[in-house]
Amino acid sequence: KTGLTALDYGFVNTAATASKVTYIDGDEGILRYRGYPIEQLAENSTFLEVAWLLIYGELPSADELAAFDERIRRHTLLHEDLKHFFSALPHTAHPMAVISSALSALSTYYENGSSSNDPEQVELTTIRLLAKLPVIAAYAHKKSLGQAFLYPDNRLGFVDNFLRLNFGTMAEPYESNPVLTRALDRLLILHEDHEQNASTSTVRLVGSTKANLYASVSAGINALSGPLHGGANEAVLQMLAQIRDSGESVQRFVERVKNKEDGVKLMGFGHRVYKNYDPRAKLVKDSADEVLKDLGISDPMLDLAKELEQIALEDDYFKERRLYPNVDFYTGVIYKAMGFPTRMFTVLFAIGRLPGWIAHWREMNADPQTKIGRPQQLYTGSAVRDFPRR
Ligand code: SDX
């Protein structure tokens with residue numbers, strides 16, 4: 001028979017991947033990193049402490065965390081030659097394209113050091129990625145502004161160093177703002193892992209070929225950049241701005257979404273796994289008001305987002321399809337209040353997700369049973385046929 005479809009086979013391949021890193025219950029809206037509920041980690045922990053938890057499986061002792069922090073600080077400098085790499089790119093380059101290509105370029109400075117089989121090198125690459133991705137990200141931001149790059153200041157903590165690289169200038173020192181630092185640290189925690197999402201599955205698939213961690217993470221960044229995945233946080237702000245600038249009512253916009261006019265979607269809504277409220281979206285929404293108030297900012301975009309959510313949650317179209325806000329729906333409003341341009345939003349997602357990518361790659365790489373990834377195919381093409389006689 002020709003033209004078979006997956007439905008003819010009566011099933012869709014659901015081969016599952018085993019992992020100890022993160023647990024999600026999509027119906028109950030539960031998310032736990034190594035067994036700890038995300039709500040408790042967001043409230044009580046820090047980005048680096050959670051990164052250690054994800055990568056090594058247990059919370060670090062105070063000494064372990066201090067040593068981890070110190071090692072990361074001592075690896076923040078990029079090779080000077082990478083500046084030529086950045087100068088070759090147009091200032092209009094999308095920061096996601098900059099950081100994914102910069103990570104591939106970074107690996108060329110550690111050619112023999114990026115082996116997957118040497119535990120010492122895997123450890124060093126882990127530290128280098130955690131230390132250098134934020135610097136590369138800030139360079140992408142500065143590049144887009146036409147501003148000079150700053151050098152990392154190892155006296156500063158992880159988040160403060162990153163904020164200073166983005167918002168400090170050669171002309172004046174960066175004043176740390178504890179509200180900004182704490183808010184960004186929490187947002188990064190909320191993004192650190194999410195089991196077998198598209199970008200993490202990409203990192204695992206690339207890593208399963210024994211490609212090194214730089215190459216695997218660079219591939220993950222590219223997967224994350226899509227507007228159906230991490231790129232959604234940027235797409236949400238574009239959607240809100242389009243509604244505001246068009247003068248279209250929120251109700252009319254929602255009608256267009258329901259009628260699927262021009263394929264328009266309610267960005268920041270829906271999820272492959274959560275068929276309930278994404279627990280991260282709830283935490284972000286709760287902190288959005290607090291962060292904007294603490295920063296002394298009021299943004300009509302936040303009110304517009306809340307109005308949009310309210311209408312959608314009461315509408316049968318979204319209820320029947322179990323569409324709720326996901327992690328991307330409210331984050332952009334906070335990133336905007338912090339001063340990040342919209343095109344940096346998904347870069348912030350990538351910095352947050354890096355520890356999860358590393359944890360999954362190391363979990364897979366350490367397992368001797370790991371086989372090269374090879375997704376099963378259901379053939380639905382033509383049956384055998386002869387080439388026509390000529
Ligand atoms: C992330 O996997 C992860 O864990 C990802 C992530 C992580 O931490 O790594 O959580 C991060 O990527 C969050 C998702 C960010 N993406 C967006 O916000 C983009 C908008 N959302 C959609 O594109 C969609 O909801 C997906 C891609 C997120 C999920 O798609 P599904 O589960 O495959 O849903 P579907 O496409 O099968 O849709 C089911 C129905 C369809 O309607 P019908 O054909 O049945 O009439 O729901 C509709 C869809 O049209 N639908 C939407 C919608 N999402 C689904 N309609 C309007 N707006 C939407 N956002």
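# A walk through the helices and the active site

Lys-210 is partly exposed, with a relative accessible area of 45% (buried means under 20%, exposed over 50% and partly exposed in between, for a 1.4 Å probe and protein chains only). This residue sits in the loop between helix H10 (198-207) and helix H11 (213-224). (Helices are DSSP runs of H or I with at least four residues, and strands are E runs of at least two, numbered from the N terminus.) The phi angle of Lys-210 is near 75°, a positive value in a residue other than glycine.

The model you are looking at is predicted, so to speak of local features requires a pLDDT of at least 70 and side-chain atom pairs count only at pLDDT 80 or more, while totals for chains, interfaces and linings use all residues. Residues are numbered from 1 along each chain as its sequence is written, and side-chain values use heavy atoms, with hydrogens and water left out.

Arg-322 also has a positive phi, of about 55°, although it is not a glycine. You will find Arg-322 in the loop between H16 and H17.

## The active site

Which residues carry the feature "active site" in UniProt? The unreviewed entry places this feature at His-271 and Asp-328; UniProt positions are given in the numbering used here, feature names are shortened, and annotations may be inferred rather than shown by experiment. These residues span 58 residues in sequence, yet no two of their C-alpha atoms are more than 10.5 Å apart, so they gather at one spot.

Let us begin with His-271, in the loop between helix H13 (250-258) and H14. Setting aside residues up to four places away in sequence, His-271 touches His-194, Asp-278, Arg-280 and Asn-326 (contact means heavy atoms within 4.5 Å). A polar atom of the His-271 side chain lies 2.9 Å from the backbone nitrogen of Val-273.

Asp-328 belongs to helix H17 (residues 328-338). Apart from neighbours within four places in sequence, Asp-328 is in contact with His-229, Gly-230, Ala-232, Asn-233, Val-236, Gly-268 and Phe-349.

The side chain of Asn-326 reaches the backbone nitrogen of Asp-328 at 2.8 Å. Among the contacts of Asn-326 beyond four places in sequence are Gly-268, His-271 and Asp-278.

How accessible are these residues?

| Residue | Relative accessible area | Class |
|---|---|---|
| His-271 | 22% | partly exposed |
| Asp-328 | 5% | buried |
| Asn-326 | 8% | buried |
| Arg-322 | 37% | partly exposed |

## Helices side by side

Two packed helices are described by the angle between their axes and the distance between the axes. (Axes are lines fitted to C-alpha atoms, for helices over the stretch in contact, and angles run from 0 to 180 degrees between N-to-C directions.)

Helix H7 (residues 119-145) packs with helix H18 (residues 345-366) at an angle of about 170°, and their axes are 10 Å apart. H7 and H18 are therefore roughly antiparallel to each other (angles under 35 degrees count as roughly parallel, over 145 as roughly antiparallel, 65 to 115 as roughly perpendicular and the rest as oblique). On the H7 side, the contact includes Leu-129, Leu-130 and Leu-133, and on the H18 side it includes Ile-351, Leu-354 and Trp-361. By class, the residues divide into 13 nonpolar, two polar and two charged. (Ala, Val, Leu, Ile, Met, Phe, Trp, Tyr, Cys and Pro count as nonpolar, Asp, Glu, Lys and Arg as charged, and the others, Gly among them, as polar.)

Helix H9 (residues 178-191) and helix H14 (residues 279-294) also pack at about 170°, with 11 Å between their axes. H9 and H14 are therefore roughly antiparallel. Their contact involves Val-179, Ala-183, Arg-186, Leu-187 and Leu-190 of H9, with partners on H14 including Arg-280 and Leu-283.

How many of the 10 residues of helix H8 (residues 158-167) are buried? Nine are, and H8 is mostly covered. Among those buried residues are Phe-158, Asp-160, Phe-162 and Arg-164. The buried residues of H8 pack against helix H3 (47-56), helix H4 (62-73), H7, H9 and H18.

## A tyrosine in a loop

Tyr-110 lies in the loop between helix H6 (95-107) and H7. This residue is buried, with a relative accessible area of 14%. Tyr-110 and Tyr-214 are 104 residues apart in sequence and 9.9 Å apart in space, C-alpha to C-alpha. Not counting residues up to four places away, Tyr-110 touches Arg-128, Lys-132 and Tyr-214.

How values were computed:
A polar contact is a pair of N or O atoms within 3.5 Å; within protein, one must be able to donate a hydrogen and the other to accept it, and residues adjacent in sequence count only if both atoms are side-chain atoms.
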